[in-house]
Amino acid sequence: MKSFISNCTKEILKNHSSLEKISIVVPGNRSKQFFRSAILSQNYTGVMPQFFSIEELLSAVADLVKIKGVPLWFEAYSVYKNITEEAESFEDFIKWIPTLLKDFDDIENESVDAKTLFQALASDERMKIWSQEIEIGQNQIMQNYLGFWSMAEKFFKALKIHLENKGLGFRGMIARQAVENAEKYIENNEDFYYFCGFNALTKTEKLLIQKLIETERAACLWDADEYYLNDPIQEAGFFLRQHQKSLASFQFVSHHFSEPKDFQVIQAPDQVSQAKIAGEILSKLKPEQVAKTALILADEQLLPAVLNSLPPNIEKVNVTMGIALQNLPMANFFRSVIELHMNRDKFGGAFYYQNLFSVLKQNLFSEFYQDEFLKINLEVQQKNKAFFQPSELNFTKLAGIFKGLKNPKELVRELQKFILEIKGFKNLTTFEKECLYHFESIFIQLETLMHRNFELENFTTFYWLYKQILAAESLSFIGEPQQGLQILGMLETRLLDFERVIMTSVNEGTLPLGRQENTFIPFEFRKRSQLNTFLENDAIYAYHFYHAVQRCQRADFIYNSNTQSLGKGEKSRFLRQLELESPHQIQQVMLAPEKIKPTEIFQGFKKTPLILNEIESWKKRISPSSLTAYVKNPIDFYQRYLLKIRDSDELEEHAGFITLGNIVHQCLEELYRPYLNEILTPQLYKKIKKHLPEVLHQKMIDHLLFDNALRGKNIIIKSVIEEMLKNAIHKDEKSMQGQELILKGLEEKCSATYLFQDLQVTFYGVIDRIDSYNGVHRLIDYKTGGFSASNVEIKSGKIEDLQINANYAKAVQLIIYAYMFLSKNKTEKVMSGIFPLKHLSQDLTFLQYEQEYLFGIEEIEPLMAQVASIILEIQDPSIDFEEKI
């Protein structure tokens with residue numbers, strides 16, 4: 001296989017015996033080393049040519065120093081404040097300026113008349129058409145739109161002047177000035193330029209090349225294939241067909257793509273599996289094959305998984321991309337520290353416990369904070385404490401990052417100190433030292449930016465800037481670029497050719513990206529002004545895809561078929577084009593994870609002698625709630641009441657269902673207790689309602705401690721509880737009209753021994769309320785959740801359902817309450833029921849059996865026999881505890 005670089009080298013040496021005055025311009029830096037090796041392989045012994053990336057050539061021709069990213073934002077903000085009467089804050093400014101600066105860059109790169117474009121965007125005619133589709137806030141939206149583009153026009157002009165006065169320029173400015181300086185540069189420079197392997201060129205790049213060609217100082221060598229060049233609808237050749245018409249000479253056009261090739265499309269079940277599949281393919285290659293193989297990552301985030309999946313036979317690897325610094329564990333630590341202080345602003349200067357834990361539990365440095373973490377965690381659990389003042393924290397090591405820092409500048413200084421101190425406290429690996437060096441550089445850069453421009457008082461803005469700088473940083477690999485397996489990103493394949501290609505993440509939405517436009521300029525205006533749109537971007541990706549495989553002998557395309565992931569599991573349109581249009585046969589392979597069948601099906605828990613002993617202890621003090629737990633699900637009963645497994649104590653920032661119920665019960669008890677054994681009257685209810693807000697507020701604080709009770713969601717929960725309490729009082733007021741209602745007991749502890757055949761047990765429980773309604777005793781259980789009246793209505797002939805129907809769990813509880821009361825008051829009759837608090841429309845609902853609501857000791861016995869049957873089942877050794885579905 002003759003590579004494109006080899007062809008270029010032969011062509012250049014054929015035309016020039018000496019390369020001293022030759023400059024070779026390539027799209028990126030990756031191919032330079034391959035060019036040098038190719039020249040040496042032709043036995044050339046003279047002076048090597050100069051090599052430029054297109055970016056380097058533009059900078060050499062122009063007189064401006066490139067500025068980008070965060071430094072450019074600061075410069076832009078200083079200009080923005082000067083041209084705008086009511087300038088936005090920097091925090092709001094950085095939300096939209098990256099997009100506008102990209103539009104400015106596109107305008108300059110494509111030599112667009114900015115004034116004409118901006119005026120067209122704000123034209124009255126366009127606004128009239130647009131306004132017909134707007135019904136609400138029409139005038140304000142139109143004014144904002146017009147104002148933005150009027151500002152953008154002034155901003156664009158002022159920013160260019162400001163940067164040029166400082167000798168600076170963004171990429172588009174540099175490209176435009178390079179065109180303006182081209183003639184002068186050509187006069188002062190004798191080199192002949194070869195532009196090799198280009199595809200998509202901006203208008204300024206094209207103009208510069210044309211000027212060099214017109215003066216016979218340049219030639220273009222194209223890496224094109226007949227398959228996509230000669231097909232007018234094939235997007236991969238879109239730009240090359242344009243260059244073929246407008247630029248003199250068109251070399252080289254090959255027909256390699258149509259040569260026999262083995263193509264295989266592999267469907268992977270998930271993202272990481274792609275790396276495993278690639279590793280499996282590589283494991284079957286011989287050493288001489290590995291050296292001619294490229295592993296291309298369309299999604300570079302797959303790199304860590306790929307590196308971990310390389311087989312033992314891959315001894316040498318050259319990785320062209322770096323590992324993004326933001327994906328490393330150390331980045332999580334510094335992000336957590338910044339978030340700790342950012343959220344402190346929201347909570348009155350206090351650290352939120354979750355933010356503290358996020359810092360203290362980071363594996364990288366957790367060894368220094370173990371004692372402090374245990375202490376803070378204990379306070380969180382025991383005191384339900386969610387917020388800690390900086391003065392409450394007593395760290396003995398690396399304590400600076402936990403101070404009550406006033407502004408981001410102080411935080412940056414403490415982070416720099418932390419990095420210096422950590423080197424003295426911990427034996428760091430080479431990799432950790434390299435990571436710390438990069439983070440130190442980021443913080444120095446942030447400190448310099450803040451010092452040169454203005455003080456940042458807002459931690460949120462600082463965090464946003466930090467993320468932008470971090471996103472651009474990566475750890476580079478060191479290796480020999482021409483030895484071993486080549487692992488490349490899609491852009492790094494330009495000019496390079498391989499006999500074997502393995503490509504991962506060949507998914508729609510990744511290759512190509514699709515309609516992901518980062519611009520304020522509408523699609524139709526970008527098309528009219530010849531600015532790139534997503535259509536041109538798709539054409540660029542298409543060229544990279546076809547170029548990567550046009551000279552190969554075999555290619556394996558792997559895509560993620562998981563519908564829950566990026567791309568929704570859809571293979572790239574480029575693969576479908578290969579299947580439908582190319583002359584090659586495509587082998588389809590579908591891989592799925594092996595499903596492991598369980599060797600043993602869970603049958604439940606046996607009643608061992610130890611468990612039977614626990615059951616005997618339980619029988620001496622049976623709570624109604626334990627029996628209802630068994631009726632609902634025997635496994636829950638087994639774990640909670642026999643194994644005594646309880647939920648761990650965790651901080652409850654917001655009142656959960658259990659806490660909500662406890663607060664309601666305690667409020668009702670405190671509100672009604674002063675009036676026990678009194679006939680409730682309208683006058684008493686006025687006192688109760690007056691006292692309600694004070695009692696509720698105190699109970700919220702008692703349960704949630706400190707100021708948590710009145711923060712965030714708890715404000716809503718408090719309103720819900722207040723509504724429930726008002727519902728309860730309203731229902732009582734309504735029911736006592738013309739009737740006699742006397743409270744006899746609140747949160748009454750009751751117990752009773754029960755005998756049934758050979759069974760003897762003791763019941764114990766707390767009845768929420770006992771009252772007398774027109775002389776009839778009622779046992780009341782407050783219910784704050786959902787409830788259906790049918791759950792306590794036992795129909796004739798259905799009494800056995802108490803043992804098996806989980807819906808009757810509440811009925812079992814009410815039966816036991818009635819029995820405990822009647823065992824001490826054998827001559828009484830009693831009603832046992834539910835007081836629903838959730839809905840005002842639901843009335844008190846009482847236990848009913850064979851249409852009877854009033855129970856004496858004899859009437860309750862048939863129901864208690866069913867309860868006894870449940871207990872007998874629990875103590876039966878032959879019946880396992882099984883999950884109730």
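**Working chat on a predicted chain**

Student: Does S505 count as buried or exposed?
Tutor: S505 counts as buried, at a relative accessibility of 2%. Buried stands for under 20% relative accessible area, exposed for over 50%, and partly exposed for what lies in between, with a 1.4 Å probe and protein chains only.

Student: What kind of model is this?
Tutor: It is a predicted model, in which local features need pLDDT of at least 70 and side-chain atom pairs count only at pLDDT 80 or more, while totals for chains, interfaces and linings use all residues. Residues are numbered from 1 along each chain as its sequence is written, and side-chain values use heavy atoms, with hydrogens and water left out.

Student: Back to S505. Where does it lie?
Tutor: S505 lies in the loop between β16 and α23. Helices (H or I, at least four residues) and strands (E, at least two) are DSSP runs, numbered from the N terminus.

Student: What is its phi?
Tutor: The phi of S505 is positive, about 60 degrees, although S505 is not a glycine.

Student: And which residues does a cis peptide bond join?
Tutor: It joins L511 and P512, with omega about 0 degrees. P512 is found in the loop between β16 (500-504) and α23 (523-528).

Student: Which residues does D299 touch?
Tutor: Not counting residues up to four places away in sequence, D299 touches Q271, S505 and T510. Contact here means heavy atoms within 4.5 Å.

Student: Where is D299 found, and is it buried or exposed?
Tutor: D299 is found in the loop between β9 (293-297) and α16 (303-308). With a relative accessible area of 15%, D299 is buried.

Student: New topic. What about H544: in which helix is it found?
Tutor: H544 is found in helix α24, residues 534-549. H544 counts as buried, at 6% relative accessibility. Its contacts, leaving aside neighbours within four places in sequence, are M490, L491, T493 and R494.

Student: Moving along, what is the place of Q848?
Tutor: Q848 is in strand β25, which covers residues 848-849. Q848 is buried, with a relative accessible area of 11%.

Student: How far apart are Q848 and V792?
Tutor: In sequence Q848 and V792 are 56 residues apart, and in space their C-alpha atoms are 6.3 Å apart. V792 is also one of the contacts of Q848 once neighbours within four places in sequence are left aside; the others are E793, I794, Y853 and F855.

Student: What is the phi of E850?
Tutor: E850 has a positive phi of about 50 degrees although it is not a glycine. E850 is found in the loop between β25 and α34, and at 43% relative accessibility E850 counts as partly exposed.

Student: Let us turn to helix packing. At what angle do α27 and α34 pack?
Tutor: Helix α27 (residues 624-632) and helix α34 (residues 857-875) pack at about 70 degrees, and their axes are 11 Å apart. Axes are lines fitted to C-alpha atoms, for helices over the stretch in contact, and angles run from 0 to 180 degrees between N-to-C directions. The two helices, α27 and α34, are therefore roughly perpendicular to each other. Angles of 65 to 115 degrees have that label, under 35 is roughly parallel, over 145 roughly antiparallel, and the rest oblique.

Student: Which residues meet there?
Tutor: From α27, L627, Y630 and V631 meet V867, I870, I871, E873 and I874 in α34. By class, this contact of α27 with α34 has seven nonpolar, no polar and one charged residues. Ala, Val, Leu, Ile, Met, Phe, Trp, Tyr, Cys and Pro count as nonpolar, Asp, Glu, Lys and Arg as charged, and the others, Gly among them, as polar.

Student: And at what angle do α9 and α11 cross?
Tutor: The axes of α9 (residues 171-180) and α11 (residues 203-214) cross at roughly 20 degrees and come within 9 Å. That makes α9 roughly parallel to α11. On the α9 side the contact is made by R171, A175, R176, A178 and V179, and on the α11 side by T204, E205, L207, L208 and K211. This contact of α9 with α11 has five nonpolar, one polar and four charged residues.

Student: Lastly, how many helices and strands are in the chain?
Tutor: The chain has 34 helices and 25 strands. Of its 885 residues, 52% count as buried. Its C-alpha atoms fill a box of roughly 120 × 70 × 65 Å along the principal axes.
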